[in-house]
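Student: I'd like to learn how to read a multi-chain model, feature by feature. Can you walk me through one?

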Amino acid sequence: MPLISITINLAPPFKAGSEAQSFTMKIPEAEAGLRQLAERMMKDRSISIQPAVMDESGALIASFLINGKHAGPNQSVQHGDNVIIYKRIGGG
Amino acid sequence: MNKILRVNLTSGKITTEELPAEVQKNYLGGKGLVAYYLYHELPPQCDPLGPENKLLVFCGPLTGIMPGHDRYVIGAKSPLTGTFSDSYGGGWFAATMRKAGYIGIIVDGSAEKPVYLKIEGANVTLEDAKHLSGKETSAVDQALPGYRVLAIGPAGENLVKYACVVSNPAKNGRPGVAGRGGLGAVMGSKKLKAIAVKYTEDATAALAKEVDDLKKEVMRHLREEVVPGMGIGGNLGAVDYSSKAKVLPVNNFQRGFTPAYTKLNEAAIEKVMTGNHSCHLCPAACGVELKAPAGLFSGTMTDRLEYETVAMGGSNCGHEELGPIVEFNNLCNELGLDTISTGSCVAFAMECAEKGLIDDQIRFGAAQAQMELVKMIASRKGLGDLLAEGVSAAAKKIGAGAEEFAVHVKGMEIPGYDPRGSISMGLSYGTADRGGCHMRAWSIASEAFLNVDLGEEKVNPFSTEGKAQLVKDLQDSNAALWSLIVCDNLGFSVDYAVKMLDAVGIKLDAAEFVKIGERIYNLAQLYNRREGLTRKDDYPPLRFYQAREDTGWSINKEDYETMLNEYYQLRQWDHEGNPTDNILKELNIK
């Protein structure tokens, strides 16, 4: 299955275990939806993301931007995309 | 617990009815029910301060049961904008109302003399409020021991067009303020000084027990994964974000940054914080209590200070220290005034005075004069009477170019984010269903503020590309979330909301849930169009087309037109912003 490479940027409160807030992930092209990406990140112990971007029931906690643009959870990523993962709050 | 209490103040008749299942299915609660009942029950073109307007108080299907949902919404036709209006508050009132058996209260008519509504479970009466008349909000709360109270202050009684409704200002727990849109004046016009509620038997007890496992899981999620990222609480962290993104209003939005922000930010407030208070069933305790540091109003205490108050009553009025903001917050909460609109009106008056358009000595940074003006607004005396009509009406009366710097949309003063540094906020303000509001789509958090978080520009805050979609999606998902009514600060996602709804027997997937939000947003738009609003009402204030004096930033009118056209197209609205038959059919709006 062909792999694609994407860059992940984590905005607070999300943090990777390595403390690196920007890193590259290789994912199968056929599993390139944002929901699947979140699921993969939760399972990948080398990333060890905290707090959870998706809970055990599969409910997404995080929001996404792809290449600086708002993206819905069912949108797909492509090779070379830059994905920002952040927590949306309603108002300030 | 899904009863609606109907109270006619003209006749004194009080009845109850069940919320129709079909209405709950299509509109859920909170904002959805406000949209539904305003659209279906208010006569077109009714006087917002007349007996035909209705005052709605709703909570949501998770209120009293799930953490983070103990909020109420007040709804009515706004006297400030003439539009649909919904305004939200936290605290303990909503949970108590639900436990007493009610998901909503609908008040119409007008009493002959001041009254308050007393709810003790099924026993509901209208009581003489002569002893409460003219009192400030905390005095009203104190005068009704044993009840959770919604009250208006003198500003509401005097029909100030941006009078607010305050809950729980004097009792244990976090106070709440339904600040926007002048719904306190609607209560005042009905001579309804307060609503006091307590429950005799907890109507939510059986369902709460049934969903106890999920409730514990939600509480754990909040404690372990949300609260640690919230700072000292609420939205005070936004002072740093706005300053770094250069969108903090200074001197009536003439600038977007002050080096003094470090005296107003979360770190400065943490140093003088004396306590914090929580809403019912919430571990966040974001109601920050503090004491003003050395300087003006030193030692003055206040509670539940929020970013908007710091921005609009503080930096936007030329203040560079916390003391005047603390005093301003207290005055507004006690007199029953919205801090955003009041701050904007005061800043507007300061600029008018500096430009010689009004004969007054008030100037930016003049703290004592500001406090006196706030009191004059609440009592409608002198210049205060003019400003009590809102900045739009005041500017029209003053003339001589004052409208160029009256910062409002649809008559409602905008809050503390300069859209010249975040173009999506321009569209968010322009298309908000209740006028100049940031809450319908707080898109800056997905744009300029993300750059602050990431330490570099990953999102272009000046580009219009993709911003119409961002604003529409946020408006729709927020409309659905505020039908529950979730707390904005806790950041529950759509998926998480769907999971919680499922536990109380409301089965939806995420797409269906957001579709309900879209239905609600369209119904509010239908209401506003029926009241005569048009495309020309969907633009940001004139000030934002002018280059800012510190950065030179401005909104380009053509760019805005492009973005607005794209937004209307995404919504399937025609060129004038009227929902088309296609979208009404798709959303099953009859």
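Predicted model: local features only at pLDDT ≥ 70, side-chain atom pairs only at ≥ 80, totals over all residues.

Student: How many residues of domain 1 of chain B are in contact with domain 3 of chain B?

Tutor: On the domain 1 side there are 36, and they touch 28 residues of domain 3 of chain B. In chain B, helix H1 (21-27), helix H2 (30-41) and strand E5 (84-89) each supply at least two residues of the domain 1 side. H2(B) gives the most to that side, with 7 residues. By class, the domain 1 side has 16 nonpolar, 16 polar and 4 charged residues.

Student: Okay, now sheets. What should I look at?

Tutor: Strands of a sheet pair through backbone hydrogen bonds, and the pairing can be parallel or antiparallel. In chain B, 6 strands make an open sheet with mixed pairing, in the order E8-E7-E12-E9-E10-E11.

Student: Which strands stand at the edges?

Tutor: Strand E8 (123-128) and strand E11 (176-178) of chain B; each has a single partner strand, so one side of each has no neighbour in the sheet. From one strand to the next, the twist averages 15°. For a closer look, take strand E7 (residues 115-120) of chain B, which pairs with E8(B) in the antiparallel sense over 6 bridges. B:Ile119, for instance, has B:Val124 in E8(B) as its bridge partner.

Student: And packed helices?

Tutor: Two packed helices are described by the angle between their axes and the distance between those axes. The crossing of H17(B) and H22(B) is right-handed.

Student: Which residues meet there, from H17(B) and H22(B)?

Tutor: B:Gly426, B:Leu427, B:Gly430 and B:Thr431 of H17(B) meet B:Tyr560, B:Met563, B:Leu564 and B:Tyr567 of H22(B). By class, that contact has 5 nonpolar, 3 polar and no charged residues.

Student: Last one: how many residues of chain B are in contact with chain A?

Tutor: There are 30, against 23 residues of chain A. Helix H18 (448-454), helix H19 (467-481) and helix H20 (494-503) of chain B are the elements giving two or more residues to the chain B side. H19(B) gives the most, with 5 residues. By class, the chain B side has 11 nonpolar, 11 polar and 8 charged residues.

Key:
Residues numbered from 1 in each chain as written. Chains lettered and ligands numbered in written order. Contact = placed C-beta atoms within 7 Å. Helix = DSSP H or I, 4+ residues; strand = E, 2+ residues; numbered from the N terminus. Nonpolar A, V, L, I, M, F, W, Y, C, P; charged D, E, K, R; others polar. Pairing = 2+ DSSP bridges. Axes fitted to C-alpha atoms, helices over the stretch in contact; angles between N-to-C directions. Left-handed = near helix turned anticlockwise from the far one by under 90°.
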